[in-house]
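Take a look at the model below.

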Amino acid sequence: MTEQTLPTASCCGGGAKATAVAAEGRTDLLGGSAADAEMTTCPVMVGSPVNKAKAVEAGLYRDFEGERYFFCCAGCGPAFDADPAKYAANMA
C-alpha cells in the first residue's frame, strides 16, 4: 500500500493529520459528482461529500426521526449513534 500524510482531520484518522491509503480497488464513497450521482454531506464530518448510492451499498447510513443520514466513512456511524439529534442538527 502507498501511504501519504494529509493535513486534514478525520473522524477515522484520529488526529490532526490523517493517513491516506491508496484505494487499490476499494469503493471511493466521496467520489462522483452531482452530474452522475445524488450527493449529500456527512452530518458527522460536516462538509465531507458523500455519494448516497455508494453509502447505501456500503451500509454507511442511519435513519433517524424519518430522515436518512449518509456517512463518509465507517467511523461516522457509531459517532452518530451516540448522539443522533446533535448530528442531525448539522443537516438542518
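Both Y69 and F80 are buried, that is, under 20% relative accessible area, where over 50% is exposed and in between is partly exposed (1.4 Å probe, protein chains only). This is a predicted model: local features need pLDDT of at least 70, side-chain atom pairs count only at pLDDT 80 or more, and totals for chains, interfaces and linings use all residues. Residues are numbered from 1 along each chain as its sequence is written, and side-chain values use heavy atoms, with hydrogens and water left out.

The whole structure holds 4 aromatic pairs. Rings of Phe, Tyr and Trp (its six-membered ring) pair if their centres lie within 6.5 Å; planes under 30 degrees apart are stacked, over 60 edge-to-face, the rest tilted. Y69 and F80 make a tilted pair, 5.2 Å centre to centre with 35° between the planes. Y69 lies in strand β6 and F80 in helix α2, so the pair ties together parts that are 11 residues apart in sequence. Helices (H or I, at least four residues) and strands (E, at least two) are DSSP runs, numbered from the N terminus. One aromatic cluster takes in F64, Y69, F71, F80 and Y87.

Now the core. The largest nonpolar core has 15 residues, and C42, V44, F71, C76 and F80 have the most contacts inside it. Elements giving two or more residues to this core are β6 (67-70), α2 (76-82) and α3 (84-89). Such a core is a set of buried Ala, Val, Leu, Ile, Met, Phe, Trp, Tyr and Cys residues joined through side-chain atoms within 4.5 Å.

Last, N51. This residue sits in strand β4 (residues 49-51). N51 is buried, at 4% relative accessible area. A polar atom of its side chain lies 3.1 Å from the backbone nitrogen of A53. The N51 side chain also reaches the backbone nitrogen of K54 at 3.0 Å.

Methods
A polar contact is a pair of N or O atoms within 3.5 Å; within protein, one must be able to donate a hydrogen and the other to accept it, and residues adjacent in sequence count only if both atoms are side-chain atoms.
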